[in-house]
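My entries follow the order in which I looked.

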Amino acid sequence: MAVQKTSLDLTLKIWRQAGPDAAGRFETHEAKGIPDSASFLEMLDIVNERIITEGGDPVAFDHDCREGICGMCSLVINGMPHGPNRGVTTCQLHMRSFRSGDTIWIEPFRANAFPVIRDLAVDRRAFDRIVQAGGYVSVRTGSAPEANGLPVPKQDADAAFTAAACIGCGACVAACKNASAMLFVSAKVTHLNLLPQGKPEAQKRALSMVRAMDAEGFGNCTNQYECEAVCPKSISADYIRKLNRDYRNSSLADIAG
Amino acid sequence: MFSDSEAEARITDSRRRSDTPPDGAPSGPLASKWTRHKDTSKLISPANRRKYTIIVVGSGLAGAAAAATLSEQGYNVKCFCYQDSPRRAHSIAAQGGINAAKNYHNDGDSVHRLFYETIKGGDFRAREANVHRLAEVSALIIDQCVAQGVPFAREYGGLLANRSFGGTQVSRTFYAAGQTGQQLLLGAYQALSKEISNGGVKMYSRTEMLDLVTVDGHAKGVVVRDMVTGKISSHAGDAVLLCTGGYGNVFYLSTNAKGCNVTATWRAHKRGAYFANPCYTQIHPTCIPVSGAYQSKLTLMSESLRNDGRCWVPKRKEDCGKPPASIAEEDRDYYLERKYPSFGNLAPRDIASRAAKEQCDDGRGVGPGGLGVYLDFADSIKRLGRKAIEERYGNLFQMYEQITGENAYEQPMRIFPAVHYTMGGLWVDYNLMSNIPGLHVLGEANFSDHGANRLGASALMQGLADGYFVIPATLPNYLATQKPGAVSERDADFKRVEAEVNERTSKLLSINGKRSADSFHRELGLLIWDKCGMARTKEGLTEALRKIPALREEFWSNLRVPGSGDQFNPQLELAGRVADFLEFGELLCNDALQREESCGGHFRSEYQDEGEARRDDDQFSYVAAWEYTGDLSRPKLHKEWLEYQEVHFSTRSYR
Ligand SMILES: Cc1cc2nc3c(=O)[nH]c(=O)nc-3n(C[C@H](O)[C@H](O)[C@H](O)COP(=O)(O)OP(=O)(O)OC[C@H]3O[C@@H](n4cnc5c(N)ncnc54)[C@H](O)[C@@H]3O)c2cc1C
Ligand code: FES
């Protein structure tokens, strides 16, 4: 089959920052002859390869699986976390989504709770600490009952799965003008609270995870739902509404108790 | 095939005396070995457990499960991973499912059947006792995961759904859409998070293990680099667990995540741990082909596609550049249906992969570089309607379009085999302990359960079996012989290894040559794929063994690593991993060279009968466990002869 080879010449404006406390700036790179079948990260590989052989300082960015599931890649591309296409991560974005002659702005995910490590890589451990606050079911290995002992209605299991598809990338935070982590938190709370296994700790979970989120310096949700628009897994902002309800109930119970 | 008495006779044959440490499995009937072993294993009293520090390297299914469970039991755990969060370990990418002998379908499945199929699938090169245990604990894994809130697929009645996977005749595969690995890993990650918040586990993310520290011959700690600050430091403990995954990235292009590496296991190997069966590598037939020289990784497409897609290439070379629709039916070669009429497009992974390679070698491949074959859904769409195909594979077709820009409803997909899984790994005994006392190895990093080839949906099972159920029961056998807290990071042994790691890091940074680490990795990968990939020959392997040391030499004289050691420096991390792949690649080829037979994922072109692998049980039914001798070109081979109590050798045939 004849495969068309098209290549792009691009101007890249890439955020460079030596460390968390250093001042950052945009640096301009001309990227010529980029195959349109390359992925966005492969485009950066090509740029880095050239920088290295010319004796320069390559751009640092995070990535691992390169297939949209680990949540390690980030990047704000032309103002959009994970770039212009809906429902994909940066590593799944391909250069055919751009045109030759384009200028592309590449920045890190920005939020107080996600300090820059270097260039485009940020520290997202705050998400781990939120999960540690209650994003689990307290069950010891070996103490589990027979798996089919407790049927779970299919619609609940499916709904829990949909919420559990979150990859913890942090795009929701980067897109939010308040840098709120409510989409992330609500997805985990929804996943576990929908299942009978997660019910016993449901109230405590909602409360502790939201409190941990606040303590990490994430902002409040003011219902803009930019998060939902950029989420590579299309996690629904309905979860936030539900979490707000759960949280109010839990807070009341907490005060009462 | 051998009768019982013949097999008996062979075991006592002096030629077949193993020179690896004893495997440590109890004698007696196979089916009750694990129970007996647990009953007689040592215990550590709850009050004493907290005095022991266990170092767990890796937070994938194996590592996260082990760290969480050991912490629940009261041990002090330190867990390390190179990603920014333990939730991102490569296990997250597994799609298809996890096996368990629950027999929920009442279709004849059992522990014995899962055990036997795993041994047979592994082409009779796995250790019987380990595999039986794996099948036994499989059911417990599902119970555990469901209790954690893993949202497995369910039937309308609310019970768990199963599918049959990878050609098995029973439905024993549990799944969560095409994201089973993600959901299982999140379950383990959440269990780990619970233990981190309880204070039992201290988690070190973005921290890479660069060496193993042994004290008086026992594994007592690791030297790590903080990937953010660059600080190199030591962690001492009472036992070390390596759960660091497979080495598929020695081929450069694979379905593994970019960071997957052999460093942890290779460093341990250089400190004395035997590396077993490195030549057993699994190549998956349905991946998206390479589209250009810049390609950085390959993407797997579920094998289930072969249920409805037909593999073909043009009969004539001159047709390969034409649009597929313009090639008439009679000019197409449906090569799998032609060669394997009874299995057709569902021929096993290794056979389907090799058949695709043969067509491309014959100059009849399609797409860029002629490295692809068609997987055509036109007939299924005609028969079942586009909607049915969309329901079955919609997400895969979408993923394919994202990557290739092509619509597979309208034109056939192009697929090509890619490296996917590595069966080899560090040698371990029944307790999952390597030949270095105290060093335990779990998950894909060990060699133990899959022989020469792994069944689909069995890697997730093994990682979780090792982490949740095996190591918590077997580790005390070692710990009970040790006084807790006997060593410290301040000891000379730690300082010496730290100095060596520092020296190596400085060396990588100071070569100041012209080539990037990535360029060396690509060159190595191409060479290994070419000479030690889907088909291997003595001639090709010998050539690779000549070229690898030369490439390594160039690496150490012409590498350029920008930046410094005391900062976040992805190029430095990569350089260290590539340096290890350049050494490991040589062992891989040496192992493939000595194994003069074809079995499982290892196909030696000289040993075949018209395309069918020719296994040689008489000469090669052993585990090849390699010892590092200080000379990379002269590793020492130890053999663990496999003795089968319950199964009899038989030959696979798919014609
Ligand atoms: C695309 C794909 C699909 C798959 N699908 C299936 C499937 O459907 N069913 C199935 O059974 N199997 C499947 N597999 C195989 C399976 O996913 C893996 O074999 C398994 O998940 C490995 O788990 P693990 O815990 O051993 O290692 P991993 O999950 O690879 O974890 C390794 C851990 O070690 C850490 N690490 C590595 N090196 C270092 C170091 N030097 N220092 C510190 N930390 C380190 C990493 O950070 C990570 O935490 C698939 C594999 C791939 C690639
Ligand atoms: S690199 Fe894993 S999601 Fe992008």
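The entries below start with conventions and go on to sheets, domains and the chain interface.

**Conventions.** I note that this is a predicted model, in which local features need pLDDT of at least 70 and side-chain atom pairs count only at pLDDT 80 or more, while totals for chains, interfaces and linings use all residues. Residues are numbered from 1 along each chain as its sequence is written, chains are lettered from A and ligands numbered from 1 in the order in which they are written, and side-chain values use heavy atoms, with hydrogens and water left out.

**Sheet in chain A.** I looked up an open sheet of 5 strands in chain A, ordered S2-S1-S5-S3-S4 with mixed pairing. Strands are DSSP runs of E of at least two residues, helices are runs of H or I of at least four, and both are numbered from the N terminus. Two strands count as paired if DSSP finds at least two bridges between them. At the edges I find S2 (25–35) and S4 (80–81) of chain A, each pairing on one side only. S3 (residues 76–77) of chain A runs antiparallel to S4(A), and 2 bridges join them. Here Ile77(A) stands opposite Met80(A).

**Sheet in chain B.** I then turned to chain B, where 5 strands form an open antiparallel sheet in the order S11-S15-S14-S12-S13. S11 (281–287) and S13 (332–333) of chain B each have a single partner strand, so one side of each has no neighbour in the sheet. Inside the order, S12 (residues 310–314) and S14 (residues 373–376) of chain B pair antiparallel over 3 bridges. I checked Trp312(B) and found it opposite Tyr374(B) in S14(B).

**Domains of chain A.** The assignment, automatic or from a database, divides chain A into domain 1 (7–118) and domain 2 (124–141 + 150–256). I read 29 Å between the C-alpha centres of domain 1 and domain 2 of chain A. In contact (heavy atoms within 4.5 Å) are 20 residues of domain 1 and 21 residues of domain 2 of chain A. The two domains of chain A bury about 1500 Å² between them, 64% of it on carbon and sulfur atoms. Buried area is the accessible area (1.4 Å probe) that two parts lose on being put together, summed over both. On the domain 1 side of chain A, Pro81(A), Ala113(A) and Phe114(A) lose the most area to domain 2, together 34% of what that side buries.

How many salt bridges cross between domain 1 and domain 2 of chain A? The rule (a side-chain nitrogen of Lys or Arg within 4 Å of a carboxyl oxygen of Asp or Glu) finds 1 there. I list Arg124(A) with Asp62(A), closest N and O atoms 3.9 Å apart. Arg124(A) also meets Asp84(B) in a salt bridge at 3.1 Å, N to O.

**Chain A against chain B.** I count 4 salt bridges across this interface. The contact takes 74 residues from chain A and 85 residues from chain B. About 6300 Å² is buried between chain A and chain B, with 54% from carbon and sulfur atoms.
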